[in-house]
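Hi,

Here is the structure I promised to pass on. Have a look first, and my notes on what turned up follow below.

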Amino acid sequence: MDSSFQLLFAVFVASLIAFRAHKKKSLSTSGAVAGFFVMALHFFVGCRFGAILLAFFFSSSRVTNVGEDKKRLLDPELKEGGQRNWLQVLANSGIASVLVVTIWVFTEGKDKCLNSEESALITSLIGGVIGHYSCCNGDTWSSELGILSDEQPRLITTFKPVRKGTNGGVTRTGILAAAAAGSVIGLTFVLLGLSTTRCESKTVALKQLLIIPVATAAGLCGSIIDSLLGATLQFSGVCSVRRKVVGKPAPTVKRISGLSILDNNAVNFVSILLTTILTSIACLYIF
């Protein structure tokens, strides 16, 4: 695809998605502006990268909207449609954006298969992008669907029962949701790659199917890392006035778990970074 046409296509698609997301209240105004630039960048570098970004955005937005009334009872600060601002957009796409720019520099805009024998660097970078969005999707699905489960959450570090909404609290539903969310990213990447990417051989082409279990594992791994960080470095407490789980210490708040070291955005960033690195390394050995 000609680079000029690729740029126009990227800008067109990003404009449509950002406008729709803002109208549906999935993104705030600042989030829509940031989302436009991030989406345009991903689609310009490669349709597969744009596709997995959209798979994450649309699927996570959909599960965020599930059971909003029930979630609002547990979280009084819940925003309509799970509305994301520019900081949340960058927290969920910043690392991947750096990786796709690096991929574009080293591939000169040519779409590549994961193949360590041909290029270990490109394989690790692409693997990092897949791990990044698998983690983002896994964390979102896990928290948004897990909180709706009838199961009693258990703190991942001690396995003691905790109130719903506690950082680091996990359920079987949430764990399974995280794995499923990762598989969606892997499946999207593979299916689009069948029509947009030509591998060096049939063996290499068939090996690309392994992206699906890799992404599934990354979704699960990312969610677990996020829960571990949430249980230890992010504060959770019960407010005696509002009788709800809150994320900041106060005179009326009784601590459940965690320290006030990281906030939610920081926890997401660190878990994404670690999952990105681990998936990148794993792809070097698998592909």
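**Cavities and confidence**

The second largest cavity has a volume of about 30 Å³. A cavity here is a set of points on a 1 Å grid over the protein atoms alone where a 1.4 Å probe fits but cannot get out, and lining residues have an atom within 4 Å of a point. Volume is the space filled by probe spheres set on the points, which are joined across faces, edges and corners.

This is a predicted model, where local features need pLDDT of at least 70 and side-chain atom pairs count only at 80 or more, while totals for chains, interfaces and linings use all residues. Residues are numbered from 1 along each chain as its sequence is written, and side-chain values use heavy atoms, without hydrogens and water.

Back to that cavity: its lining includes Arg 48, Lys 110, Asp 111 and Lys 112, and the classes come to 4 nonpolar, 1 polar and 4 charged. (Ala, Val, Leu, Ile, Met, Phe, Trp, Tyr, Cys and Pro count as nonpolar, Asp, Glu, Lys and Arg as charged, and the others, Gly among them, as polar.)

The largest cavity holds about 140 Å³. Its lining has 7 nonpolar, 3 polar and 1 charged residues, and among them are Phe 56, Phe 57 and Arg 84.

Watch residues 77–81, though, where pLDDT is below 50.

Cheers

How values were computed: pLDDT is the predictor's confidence in each residue, from 0 to 100. Contact means heavy atoms within 4.5 Å. On a 1 Å grid over the protein atoms alone, a cavity is a set of points where a 1.4 Å probe fits but cannot get out, and a pocket is an open set with protein on both sides within 12 Å along at least five of seven lines; lining residues have an atom within 4 Å of a point.
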